[in-house]
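Okay, thanks for making time, everyone. I'll keep this short: a look at how two chains meet, and then one residue away from that topic.

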Number of protein chains: 2
Amino acid sequence: MTSSSHPPAPALAPLGGVLHAPKADVDIIRCMVCDIRHKSLCNSMDEEGLAALTHSSRQLQLPPGTTIVEEGEPALAFFNVTRGTVKLFKSLPDGRRQITGFADAGQFLGLSTAQTYSFGAETVDNVRLCRFMRPQLEALLSDYPKFERRLLAAVTDKLAEAQEQMLLLGRKTAREKVATFLLDRMKAFHLTANRRQEAENLASVPMTRVDIADYLGLTIETVSRTISAFRRSLLIASAENHRIRILSATTLLNIASGQKAD
Amino acid sequence: MTSSSHPPAPALAPLGGVLHAPKADVDIIRCMVCDIRHKSLCNSMDEEGLAALTHSSRQLQLPPGTTIVEEGEPALAFFNVTRGTVKLFKSLPDGRRQITGFADAGQFLGLSTAQTYSFGAETVDNVRLCRFMRPQLEALLSDYPKFERRLLAAVTDKLAEAQEQMLLLGRKTAREKVATFLLDRMKAFHLTANRRQEAENLASVPMTRVDIADYLGLTIETVSRTISAFRRSLLIASAENHRIRILSATTLLNIASGQKAD
DNA sequence: ATGCAACCTTGATTTAGATCAAGTCCGTGC
DNA sequence: GCACGGACTTGATCTAAATCAAGGTTGCAT
């Protein structure tokens, strides 16, 4: 079994990275002009609610490899990703790591009922996110029932996703895992991209092979070999900017769901 | 990789199994006298709320192997388990199955934002549960903010559990998986048991080896061999009534968390 | 433009756990 | 009390993916 060690843990910025000095008169309408608002929790808010959201949060911009949440640290804040991709993970004492999910723009992270976070979170690429301190978040939940209901729905969806991922980790082959991953990254790109993609069938893969392996419960070598095999079979092709072009989504879908077809 | 086939699917009772003809005058205080109320969502309710819960739900009693929820069927109801153990699972078209969790007394199941259930659920042993139809559940959420907040917390906890299980499935060895499972079943038994256990260190294991294997992402043979090895090492011993006695919880804990100690 | 470092790919070999194959145990009905 | 069937155990063998081991790419800093 694998024992992927921690990444080099680059300069844990203490989350001070507030975006361009939040001039009150600019920041007051932040949520109202947010371009991914409609794809996030925030779409449950009316104008007044959006003002409250803006007040309750700070916007942060963080470079790749920044720690957002540290496993075991006090769970003080809740985050909404508005740009880029965040990885969530859990680790064993000896360094083995499981990435439990990637949060792309529009996704939240940081919920916890315990005093401390049971998981870690780190930026994959350049990330922008809104941080809500816990008391503020709780006030919002109480003041805006629609927001609370929306959060309940969002967590319920995350749970369904987690169950899907358990099926993948427990019962799929390496080939099936990688095919599933590529299709998921294509879906994520479709949801995330603003402009109707010049070319649809693209998947955004900003994470390294190590991250993919730790997400799929494989080693980097197996991930690399499997992707190479898909490329050789002309199911996918590389594209610029950490993108992969999906040449045959239907075939990948068959593979992902366990039909041995190819 | 495994290909555990479906269990014999015994006589899918159409969920008519209402407990002893619900005489209105008995059923009206059902929730008030419920002995596991304090261990469930329902502990968020005051007296009035409990009456509302009783009104909004029906109590069912189901024998082992009964289907509660069928993957892909309309998500019409939400359930609270009050007795026994339910297994939740997802399947691949070829029959491979992943059990995503066991719901013991006090746990809920059946939440979904989609029109249909993305998972199946089946009784493991004799199960008693309360069924809430979706419209009734939604009314409760709106009428009792504390209940909604409690549900949000419960789903958040389930998500944390799911992440822990992903770590197990993706990165733990067979030995570590089985040790983790046994400890979890001990915790579950402590939470569930009413009388302070005559002897503490017992784990309740009502499910078959097939279920355990499908939960841990292993085969029944590997589960069996690993349990035998633990027994030989005197870490555990069999007990009556589908119970296992944990002889060295600390050693199991070390194994479960990846220290190679024994 | 060059050299380094991180990341990725490919090949050879090993191994943990799957698969195949008998049994054994245990509870239930006759 | 016996035999049938389902659940479990144990052993022998196989294999998918891990591990070990080189290279090859790429992008950035000098």
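Predicted model: local features only at pLDDT ≥ 70, side-chain atom pairs only at ≥ 80, totals over all residues.

**Where chain B meets chain A**

So, polar contacts to start: across the interface of chain B and chain A, 20 residue pairs are in polar contact, counting pairs with both residues at pLDDT 80 or more.

Which pieces of chain B do the touching? The elements that each give two or more residues to that side are strands S4 (85-91) and S5 (97-104), plus helices H3 (134-143), H4 (145-171) and H6 (209-216) of chain B. H4(B) has the largest share, with 20 residues. By type, the side of chain B that touches chain A splits into 18 nonpolar, 18 polar and 14 charged residues.

Now charges. The rule finds 8 salt bridges across this interface. One to click on is B:Arg171 with A:Asp214, where the side chains meet at 2.7 Å, N to O.

How much area do chain B and chain A bury between them? About 4300 Å², with 62% of it on carbon and sulfur atoms. On chain B's part of that, B:Arg149, B:Met166 and, once again, B:Arg171 supply 19% of the area buried against chain A, more than any other three residues. In contact terms, 50 residues of chain B meet 50 residues of chain A.

Last stop: B:Asn80, in strand S3 (residues 77-83) of chain B. Is B:Asn80 buried or exposed? Buried, at a relative accessible area of 3%. Leaving out residues up to four places away in sequence, its contacts include B:Ser40, B:Cys42, B:Phe108, B:Arg128 and B:Phe132.

Definitions and conventions:
Residues numbered from 1 in each chain as written. Chains lettered and ligands numbered in written order. Heavy atoms only, no water. Contact = heavy atoms within 4.5 Å. Buried area = accessible area lost by both parts, 1.4 Å probe. Salt bridge = Lys/Arg side-chain N within 4 Å of Asp/Glu carboxyl O. Polar contact = N/O pair within 3.5 Å; in protein donor to acceptor, adjacent residues only side chain to side chain. Helix = DSSP H or I, 4+ residues; strand = E, 2+ residues; numbered from the N terminus. Nonpolar A, V, L, I, M, F, W, Y, C, P; charged D, E, K, R; others polar. Buried < 20%, exposed > 50% of the residue type's maximum accessible area, 1.4 Å probe, protein only.
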